[in-house]
Amino acid sequence: MSLQNKLNRFKKQLTHVGTDPTSKKTIKPIKEKQEVNAPEWRALQARAIRFEDQHCILREKNLTKEYKIGQYTVNDLHDVIKRWNDRSQSHPLSAGGRQAGDLLFFDTETTGLGSGAGNTIFLLGVARVIEDDIQVRQYFLPEPGNEVALYHHFLTDVQDTSNLVTYNGKAFDWPQVKTRHTFVRDMVPKLPPFGHFDLLHGARRVWKKTYDSLRLSIVEKELLNIERTEDTPGYLAPMLYFEYLREKDPAILDGVFRHNEWDVLTLISLYTHLSNVLLDQSHGSLSTTERYEIAKWYEAINDFTEAKQRYVCLLDTSARIKAKKALANLYKRGKDIDKAVFYWESVIETEEDVESYIELSKIYEHKYKDFEKALYFARKGYEAWKSMKRILRKQEEKDQAQFNKRIIRIESKIG
Amino acid sequence: MRIRKSLQEILKIMNQNEMIAANIAHWKTIPERAGRSVAFPDQIHPKIRRALENRGISSLYTHQYSAFEAARSYDSFVAVTPTASGKTLCYNLPVLQQVTENENSRALYLFPTKALAQDQKSEINELIEEIGIDIKSYTYDGDTPSNIRQVIRKAGHVVMTNPDMLHSAILPHHTKWVSLFENLKYIVIDELHTYRGVFGSHFANVLRRLKRICAYYGSRPTFICTSATIANPKELAEKLTGDKMRLIDNNGAPVGKKHFVFYNPPIVNKPLNIRRSATLESKKLASLFLENEIQTIVFARSRVRVEILLTYLQEMIKRKVGNKSIRGYRGGYLPKQRREIEKGLRTGEIMGVVSTNALELGVDIGQLQVCVMNGYPGTIASTWQQGGRAGRRQDESVVVLVASSTPLDQYIIQNPEYFFNRNPETARINPDNLIILVDHLKCAAYELPFKNGDTFGGVEIDDIMYFLTEEGILHEQGNRWYWMNDSFPAHNISLRSASQENVVIIDQTDVANVKVIGEMDRFSSMTLLHEEAIYLHQGIQYQVEKLDYEEKKAYIREVDVDYYTDANLAVSLKVLEEDKQKSYLDSQVAFGDVTVNAMATIFKKIKFGTHENIGSGPITLPEEELHTSASWISFSENMIEGLSEQELEEGLVGLSNVLRHVAPLFVMCDVSDLHVVPQVKASHSQLPTVFFYDRYPGGIGLSEYVYDHISEIMKEAELVIDRCPCEKGCPSCVGNEVQYRDVKSLALKFMKEGRNDSNYVTSK
């Protein structure tokens with residue numbers, strides 16, 4: 001059987017990677033050289049830029065300082081950056097020591113998911129602040145063999161920025177840039193050692209309890225008042241790129257460019273919003289859950305002063321019990337036992353809380369040496385524990401043994 | 001108190017006890033052989049030398065020395081190393097020496113399984129610690145925690161992994177492994193002989209991809225391969241790696257005394273030549289050793305056999321051997337379970353193990369004294385491998401081969417000289433199988449673009465590149481082909497099995513604790529996991545309650561019954577194209593492409609102990625289709641004149657039954673890789689025909705070999721029938737269920753025609 005026949009015979013097995021069903025009808029494998037500065041590109045506000053014998057496409061757009069992305073303008077970004085700079089404590093999203101122009105809001109479109117060598121980035125989109133304007137630049141790969149031009153221009157242009165702002169860029173976009181850069185590393189500038197704010201991580205900290213999904217499109221709709229019209233969903237981007245490669249009609253990409261542009265602009269707005277939420281003490285529009293999660297975040301990064309302040313502000317809300325327990329634990333860590341006891345005792349005024357009873361029992365036994373009280377709290381704790389519903393039998397046996405041990409020990413101390 | 005007998009005492013009993021001795025067809029004692037060694041070469045780093053001396057190694061065996069010399073002059077080589085011959089030093093020594101000379105050097109070790117890699121890591125790390133130089137060696141597999149993966153990629157001197165991991169996790173992510181690929185000096189391929197058939201053909205392509213990436217990063221590594229004894233280690237290594245190989249076969253390791261006993265179960269029904277069940281006899285012989293607390297491994301040929309034997313032996317041991325346990329070991333057990341069994345064998349906590357050929361590989365289970373094979377393992381090479389499990393370290397040891405009543409077993413047991421004198425089999429691969437090749441070309445294109453005129457392992461590929469471009473998988477630009485698809489091609493390609501996906505086996509005995517206990521390839525699941533099948537796992541019986549073929553899940557529940565199940569597979573065959581053909585007087589032999597349709601039809605329930613059929617039921621599963629290559633022999637009208645349809649059918653079935661066992665012997669493949677199917681009226685020619693087809697889509701060269709050697713195969717099959725003591729056919733030659741009075745002579749008639757190469761007429 002000839003090779004051609006065999007290839008056809010086994011077609012189904014050979015192409016099980018999932019071919020684009022539309023591909024076969026429109027196939028034109030050999031393309032005449034494309035006029036690189038075709039009017040079709042100009043219609044997209046894009047043009048070809050050369051590097052040696054290659055070219056890539058640059059689409060550029062400037063937005064003035066009045067331009068509103070959802071509820072925010074560039075001025076709001078300047079404002080939060082100034083406030084970050086006024087603050088001395090560090091935070092993963094702090095722009096302390098930086099200016100608005102240092103930030104590079106960054107998002108990519110790729111030919112597939114995952115981080116393998118064959119997943120090509122065909123669009124690198126950036127937004128940055130230049131004086132008071134926002135500049136959006138999108139570097140597009142018109143043919144897979146033109147990566148030298150793509151990365152040359154991209155890396156040359158972003159040299160005076162120092163910090164990426166992305167949405168899931170730590171896990172996806174930037175590693176993928178590293179992968180593709182490896183192929184052309186001898187011919188293009190080195191990757192700069194960027195700082196990196198991954199806003200997905202921040203959004204998870206603050207809103208994971210509030211929203212089921214933290215996809216960028218949901219976040220911008222729920223939090224930023226951004227409503228996209230006729231957006232091309234990101235998952236279609238690879239198909240549209242493949243179609244463009246076959247058809248060579250830039251109009252196919254219109255929606256992809258706009259989608260990517262929206263994404264990078266949303267990042268400016270989201271960064272401003274997240275910063276506001278983190279820096280703002282007035283909590284005007286924040287829900288109790290958000291405020292509690294923010295306090296927890298400060299605690300997690302060991303900014304205890306900030307965390308305490310924020311927990312205190314929650315004492316007159318529905319999160320008061322959680323806040324009291326968090327405060328008690330913070331004071332215990334800071335060896336301020338009396339304050340810790342104050343908060344735990346305040347918890348048990350209204351709640352039969354096992355953990356608080358145990359903590360109180362421990363402190364009265366070991367620190368205050370007041371065994372009567374220690375025993376009282378241990379017994380209260382045991383009762384509260386017994387009234388709880390439990391699921392894991394193993395844990396139950398362990399817990400029970402511990403209560404018994406504690407009670408017996410304290411009883412023996414009383415004598 | 002019971003007094004335990006020694007191995008020697010048991011051997012004496014076997015010789016003297018009539019019940020046993022009468023069934024021993026052949027007893028060969030292979031004498032011990034002293035080792036041959038050479039002083040360490042001068043260039044060995046003094047620290048390495050001291051470390052070896054501290055571990056009691058003061059010289060090298062001759063083959064280790066040759067390996068070191070070859071590796072240090074960067075000549076790729078394959079060393080033939082039987083079990084317990086110190087093969088690890090063949091690669092560890094040159095690799096460690098290299099790293100001490102240039103600490104940037106890297107080596108990649110490939111083991112056929114994850115378990116072997118983990119064994120070897122402990123071994124090399126002990127040596128490295130003794131040497132006291134900072135050499136980092138790691139395993140890289142699915143269990144490697146993500147936080148140390150980055151360290152391994154950047155700084156691992158020795159990276160130990162398996163072909164699957166290389167295929168799906170390392171090569172597609174080569175940009176994260178730059179320091180490995182830029183500095184790769186050695187690629188070690190252990191257990192080379194396991195890379196044959198489909199797996200070998202895949203692996204050859206993975207190595208083509210590996211070499212392509214090494215070339216991209218500017219390295220040209222030397223291959224170090226070790227292999228068990230096969231007929232063509234050098235050819236196999238060259239075909240797999242595409243490099244010229246030196247052959248090192250001057251094994252200098254000492255060998256202990258070994259008794260090789262061929263045991264043929266007694267005939268219980270003379271006219272039908274039916275022998276006592278090999279499984280029951282294996283159980284009896286294994287018990288003899290196990291009762292005396294002599295560590296024994298029992299090999300069985302199928303998963304079901306393993307479980308049946310395990311059930312028998314555990315029953316026996318409950319009464320006699322106290323706490324020490326007997327365990328099963330086969331594919332389908334989860335890794336953790338396997339590690340635990342391996343360890344138990346090493347420490348002696350486990351007295352006996354019943355295994356499929358899964359333990360043939362060099363998994364470290366320490367030293368066993370006795371090996372009992374329930375049935376001939378199918379190839380000479382496998383038999384030596386399995387036998388090597390007994391007495392690895394120079395002691396006296398015993399290997400008992402218990403013949404089953406299949407034609408092949410009976411042939412081997414009655415012709416011991418065939419076994420002891422013949423070369424072991426040839427390992428065959430076909431890296432250019434179109435489906436396998438195209439699969440890996442996709443992966444390769446994902447890894448790096450192809451240029452016009454590029455070759456892949458010497459194969460011209462432009463046509464395939466154009467094909468993939470037309471299918472919208474690649475994109476052509478400026479004489480290069482780029483991957484242009486949103487998938488990750490390696491994920492769809494499994495190196496191990498013909499069908500792409502496995503069925504997971506879910507135990508729902510405990511409703512609150514439903515768990516996955518194993519997996520099985522789709523094709524096997526048709527006959528082993530159909531609804532109502534009794535599935536045995538670690539000696540426990542389960543019944544399959546539901547097989548969700550779409551979702552590839554089998555739901556099972558523990559049961560306690562006194563039978564097991566056995567399913568029938570109906571196969572139909574269509575010739576698509578004839579590529580080669582040769583004619584004899586009354587027969588024609590051809591080779592070409594076929595479509596095979598297979599469907600599981602019914603299953604039987606077979607009672608334990610008596611093996612009687614106690615019921616049956618239908619299987620309703622969709623048909624599986626396979627395009628593959630096949631050879632076939634058809635007989636002319638002259639041959640069948642005067643035969644009734646039934647006589648003809650029985651004759652062909654009888655012939656196929658013998659060929660099914662004899663052909664794999666020549667081709668060196670598993671009986672399940674090469675199928676033999678008779679047809680009274682083949683649909684393409686209307687003539688009585690016997691087909692041989694490759695089980696893998698597109699074929700891997702097995703049936704083509706049959707085409708080339710049909711006369712020899714027929715001659716050998718004729719011998720099997722001729723020498724069988726039965727009168728008119730029995731399960732040991734032409735098979736069961738004989739109606740026609742003399743199937744034997746009819747089958748012989750076909751064979752005589754088939755082997756007749758003197759009256760050759762045409763060939764095209």
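Two residues are counted as in contact if their C-beta atoms, placed from the backbone, lie within 7 Å. By this criterion, the interface draws 32 residues from chain A and 38 residues from chain B. On the side of chain A that touches chain B, α1 (3–9), α2 (11–14), α6 (169–184) and α9 (237–247) of chain A each supply at least two residues. Helices (H or I, at least four residues) and strands (E, at least two) are DSSP runs, numbered from the N terminus. The largest share of this side, 4 residues, belongs to α1(A). Its composition by class is 13 nonpolar, 15 polar and 4 charged residues. Nonpolar covers Ala, Val, Leu, Ile, Met, Phe, Trp, Tyr, Cys and Pro; charged covers Asp, Glu, Lys and Arg; the others, Gly among them, are polar.

The model is predicted: local features need pLDDT of at least 70, side-chain atom pairs count only at pLDDT 80 or more, and totals for chains, interfaces and linings use all residues. Residues are numbered from 1 along each chain as its sequence is written, with chains lettered from A and ligands numbered from 1 in the order in which they are written.

Chain B holds an open sheet of 7 strands with mixed pairing, in the order β1-β11-β18-β17-β14-β16-β15. Strands pair if DSSP finds at least two bridges between them. At the edges, β1 (24–30) and β15 (325–329) of chain B each pair on one side only. Strands β11 (residues 258–263) and β18 (residues 397–402) of chain B run parallel, joined by 6 bridges. Within β18(B), V398(B) is the bridge partner of H259(B).
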